[in-house]
Amino acid sequence: MSNIILSVSNISKQYRLGLVGTGTLSHDLNRWWYAIRGKEDPFLKVGGVNDRSQKATSDYVWALKNIDFKVEQGEVLGIIGKNGAGKSTLLKILSRVTSPSTGEIKTKGKIASLLEVGTGFHPELTGLENIYLNGAILGMTKAEIKSKEDEIIEFSGCKMYIDTPVKRYSSGMRVRLAFAVAAFLEPDILVIDEVLAVGDAEFQKKAIGKMQDISKGDGRTVLFVSHNMVAVQNLCSRCIVLENGEIIKDGDTQEAINTYLSIGAITSNFKRVVDHEVKNVYIHDIQLLNDKNEMFNIIKSGDDFNLVIGVKSKKQVDNIIVELGVDGSNGERLVYLSNQLIERVIGLLPGENKIKLQIKKFPFLPGDYALAINLKETNGAKLDNVKNEFRFRVEGGDFFNTGKLNVKSRGKYLLEHDIFKI
Amino acid sequence: MNNSEDNWLYTISSKKKLIDFNFKEIWRYRDLLILFVKRDIVTLYKQTILGPLWYLIQPLFTALTFTIIFNKVANIETGEIPPFLFNLAGVSIWNYFNSCLTATSDTFKSNAAIFGKVYFPRIIVPLSIIISNLVKFGIQIIIFIVFYVIYYLQGADVHLDLSIVLFPILILLMGLFGLGLGMIISSLVTKYRDLKFLVSFGVQLLMYLSAVMYPLALVREKMPKMAWLVEYNPLAYIVETARFMLLGQGTITVFGIIYTISIIFMTLFFGIIIFNRTEKTFIDTV
């Protein structure tokens, strides 16, 4: 039986770009003029897509556009997305900090938010006084706080400092105290935004445990926003992915995380923007090719991997160093390749040059990777580099020629090997 | 199963009701109101040597200065009443209004950090300001009583009027006026910061129009043409009424009382409407 506790329908939020200045007054007057005639706000019709990296096309932007979802009682819903995708705006609307431009949210339970811990702490008051103040801000009554006082102090682990003004606390202690107060809130729906970013490992573990108790033990609903995919995976039963203010995925946590990780992944064919042509030597395109010299999008583990780098040069260079690196999704360098390592001399002629990289049996497990390329002269002078711009995706493949299409491994690499009895 | 579909606790939407004053919700947050008041009072003079004595020093020195400048130098007549006592009464009452207004008019801006994170009825904050200032005023009125007794024993011609029983209501009206005006300004200041400057010097000017350091009768006598400026100022009327209650001297009329009360409630009503409209989205503009 479905038991919908929160229903979000068609929520949009419009923000004004730029400064508040004299222009605002005329827009306000215009809005007011429409309002008294009972007409719709004229500025709600304009507004560009929320893509932070693009130039604005309008004075207004949709931070959220037509957001629709329902949450069931006891569900832990993860909300993930890149910076500026609209996650916090959504939470702000849910926690009634600001109201939506259009749409409606209906709820059957009290919503309490834990947007940023330590909100409302007064530095001059003692830890205990702040527990009461913060609890009340979050919607608890004095009696409720009183009954949980000991538990809160215990959970925070700040017993020694409880009668000391909060201004003397370390930042970690402040977070502990604040989270402790919020953890003992008893709302029907708890909204949590990036609270685990601070605090030491022990406390993070404690906090995640507490949140699991809240959702599983007490059957309360939790909306959880985080960039920490491990925490999301551990906590959430369902996830929505936001991009540019719209929901692009709503479903199973693992699938949603994969969708999230693939945002911005470009594959197979990469062309450089023109302004690099001022350089003497520059990389203008990169192509992924299979063994038949065909372009392809997705590499499978175990495939042959061919990469053709198109380099334009304005002069002749007899000997250059080509360095390549493959980075994992967290930016960690996985391998380093170079023509120096294999003592291969590469020279450039004026005009178009193509450099090919061949890897037999691609050894990486499924995931998203970035390729870094660096060209330099033998004396160390930099020629051109590509970093974090070329991304590609690896899917499971038949690495060991066993017929299994998706080799699973616990490590990071696949390595051809043999194990037998002698 | 479907019958629960209509059973929503509340709805968040973009539509705004003209008056959305949820008493039940405010009552639910009463503990927060008390804690805010406590916080304001306890923390104001933390890490000062004189502590709450500052509450007393401010009005005493202001009254003293006024007495020297306006009564001794400028020769303003205060009738039978000792000028210092006259000024102390005016200053204490004016200060209550002044601190209510300046603090509430900054509600949204100074609480933006907390308002941006959690929801609670926003009106709790201005209400707490009115109450904590009331406590401050209470302390100041004690010092007034002390001087009152001293002057009385020295034979000054002061007497409490019977209407003194209505004094708390008068103070409440003063607080509500500060609240109403403060809410209007705080709502507008979120978008247009210009008002911030207007408030800081406007309040100062307003004091001169509010019969704080002179009796209302004096303006009528000396500047009959400009007297309306003061006469139609509800604040002047409250200050004058307070002096009538405390010191037994002042000119009040029934019309003045009705006029003042209606202005105050209109301001308050308008303040609540505009505050309600602002609280929903101010965080986007502040």
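How many residues does the contact take from chain B and from chain A? It takes 38 residues from chain B and 51 residues from chain A, where contact means heavy atoms within 4.5 Å.

This is a predicted model, in which local features need pLDDT of at least 70, side-chain atom pairs count only at pLDDT 80 or more, and totals for chains, interfaces and linings use all residues. Residues are numbered from 1 along each chain as its sequence is written, chains are lettered from A in the order in which they are written, and side-chain values use heavy atoms, with hydrogens and water left out.

Together, chain B and chain A bury about 4000 Å². Of that area, 60% lies on carbon and sulfur atoms. Buried area is the accessible area (1.4 Å probe) that two parts lose on being put together, summed over both.

The rule finds 1 salt bridge across the interface. A salt bridge is a side-chain nitrogen of Lys or Arg within 4 Å of a carboxyl oxygen of Asp or Glu. Here A:Arg96 meets B:Glu25, at 3.3 Å from N to O.

These elements of chain B each give two or more residues to the side that touches chain A. Helices (H or I, at least four residues) and strands (E, at least two) are DSSP runs, numbered from the N terminus.

| Element of chain B | Residues |
|---|---|
| β1 | 10-13 |
| α1 | 23-28 |
| α2 | 30-44 |
| α6 | 112-115 |

The largest share, 7 residues, comes from α2(B).

Strands also pair across the chains (DSSP finds at least two bridges between them). Strand β5 of chain A (residues 102-107) runs antiparallel to β1(B) over 4 bridges. A:Glu104 stands opposite B:Ser13 in β1(B).
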